[in-house]
Amino acid sequence: METAIAAVLLLASVFFQGVVEGNIGVNYGTVANDLPPPSEVARFLLESTTINRVRMFDADPEMIQAFAHTGIAVTVTVPNELIPRLTKLSFAQQWVKTNVQPYVPATNLIRILMGNEVLSTANKLLIASLVPAMQTLHTALAAVSLDRRIKVSTPHSLGILSTSSPPSTGKFRQGYDVHVLKPLLSFLRATNSPFMINPYPFFGYSAETLDYALFRPNSGVLDENTQRVYTNMLDAQLDAVFSALKILGFTDVEIVIAETGWPSDGDEGQVGVDVESAAEYNGNLREHVMSGVGTPLMPNRTFETYIFALFNENLKPGPLCEKHFGLFQPDLTPVYDIGIMRPTARASIPWSPAPAAAPQLGPAPQQLPKDGKQWCLPQSDAHSDALQKNIDYVCGLGLDCKPIQEGGACFIPDTVRAHAAYAMNAYYQATGGSESDCDFEQTGALTDVDPSYGRCKYLGQ
């Protein structure tokens with residue numbers, strides 16, 4: 001089964017690159033003493049939310065293991081202090097052997113971040129070691145054939161820009177631009193890895209620009225150089241980064257929003273720091289980055305985006321607002337709603353086994369002459385919650401699940417069982433069709449009757 005999963009992940013990375021764009025993830029911070037165990041967090045995200053990717057700030061084995069068999073895309077981080085040691089191949093190989101190989105492919109590990117906001121540390125050793133360490137880690141991944149599945153990048157604060165307003169004048173800080181960022185971007189381009197940035201309108205707004213920061217209706221800000229009008233601060237920040245990339249000749253490198261968010265509470269007198277504003281920012285953010293509208297300088301794009309943060313973290317240092325960036329309380333109740341909870345979150349999922357006779361997936365299956373083809377479908381007694389996990393797992397791998405999304409050829413009937421049938425069969429066919437690839441923890445079964453109906457066509461082999 002693990003070999004088959006590896007094959008699917010490889011196929012996904014080659015054929016389905018566009019599917020992952022615009023996906024919403026969360027930053028899973030743990031600076032708190034009241035958080036639930038990682039296994040409970042992983043199960044909650046899978047079963048009760050639409051979040052399909054998680055970024056961790058270290059490579060904690062318990063946390064990585066917790067996301068095994070969920071399909072949720074996981075990004076881990078190398079602590080800043082280890083960066084100089086990772087310039088040595090022997091240490092990088094050992095790090096991969098310890099922190100990566102034991103967990104893949106069961107855990108859908110997609111990315112390793114080399115430190116966090118390294119250029120902002122002003123630590124000369126860390127900065128000088130950053131790109132060599134990324135190159136060496138990539139070499140270590142390539143040695144065990146994981147370089148195509150797991151990409152290496154590093155996130156930056158907007159402090160890497162010397163100019164950001166208007167957006168068309170964005171450029172990187174002198175010294176870092178040629179000596180660090182140009183070789184870093186060359187590495188990202190060569191390895192098909194993204195440039196990761198942490199834009200926070202929260203840290204750039206004032207009482208006068210609150211509407212602009214929260215994506216509310218406003219008169220906009222004109223960039224006189226391009227005659228483009230900006231109606232929100234995030235677009236302006238992203239386009240400033242794009243302008244800086246353009247100066248160095250790297251506009252083809254994908255931009256990923258590694259962190260952004262808004263606190264729901266803060267010190268007395270802070271304007272716009274409340275539950276309503278946080279819900280507005282993150283809700284509007286989610287809609288905007290997934291809309292396909294893009295930005296004035298990057299139209300028709302979606303952006304892979306990670307909201308900061310998953311939880312309110314009671315031990316974070318600094319002002320009160322730092323403790324209140326979470327989407328959820330430690331007891332897993334939402335701080336506010338931004339549309340990421342499943343409408344059926346456990347409430348409408350039946351707990352008793354399904355009846356012996358499975359309901360029809362749609363119109364009666366076509367009775368075709370037996371030609372050796374087989375399809376993978378849910379067993380008649382498979383629980384709906386198990387089938388939902390199958391859907392999330394397969395679609396989380398990057399396989400094309402558009403046919404079972406609203407408007408797709410297989411969306412109707414809109415049931416967990418019908419959607420699971422399509423997803424499970426897509427996985428079975430993509431892996432080459434061995435019987436074990438239809439097991440799905442004993443919830444799948446093979447049939448020689450084509451389940452296709454109407455415009456909904458199931459692959460068969």
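1. Where does F215 lie? F215 sits in the loop between α7 (210–213) and β10 (221–223); helices (H or I, at least four residues) and strands (E, at least two) are DSSP runs numbered from the N terminus. The phi of F215 is positive, near 65 degrees, in a residue other than glycine. F215 is buried, at a relative accessible area of 16%, where buried means under 20%, exposed over 50% and partly exposed in between (1.4 Å probe, protein chains only).

2. This is a predicted model, in which local features need pLDDT of at least 70 and side-chain atom pairs count only at pLDDT 80 or more, while totals for chains, interfaces and linings use all residues. Residues are numbered from 1 along each chain as its sequence is written, and side-chain values use heavy atoms, with hydrogens and water left out.

3. The chain holds 11 helices and 15 strands. Of its 461 residues, 52% count as buried.

4. A second residue to check is Q227, in the loop between β10 and β11 (228–230). Q227 is not a glycine, yet has a positive phi of about 60 degrees. Most residues other than glycine have a negative phi, and most peptide bonds are trans.

5. One joins S165 and P166, with omega about -5 degrees; P166 is in the loop between β7 (161–163) and β8 (171–172). Another joins F308 and A309, with omega about 10 degrees; A309 is in the loop between β13 (305–307) and β14 (375–378).

6. The largest nonpolar core has 104 residues, of which F67, W95, V100, F172 and F195 touch the most other members. Such a core is a set of buried Ala, Val, Leu, Ile, Met, Phe, Trp, Tyr and Cys residues joined through side-chain atoms within 4.5 Å. Helix α8 (residues 233–248) gives the largest share of this core, 10 residues. Another core, of 25 residues, lies apart from it and includes V394 and Y422.

7. Helix α10 (residues 384–396) has 13 residues and reaches 18 Å from its first C-alpha to its last, close to the 18 Å expected at 1.5 Å a residue; the expected span is 1.5 Å times one less than the number of residues. Among the buried residues of α10 are L387, I391 and V394. After α10 comes G398, whose phi is positive, near 105 degrees.
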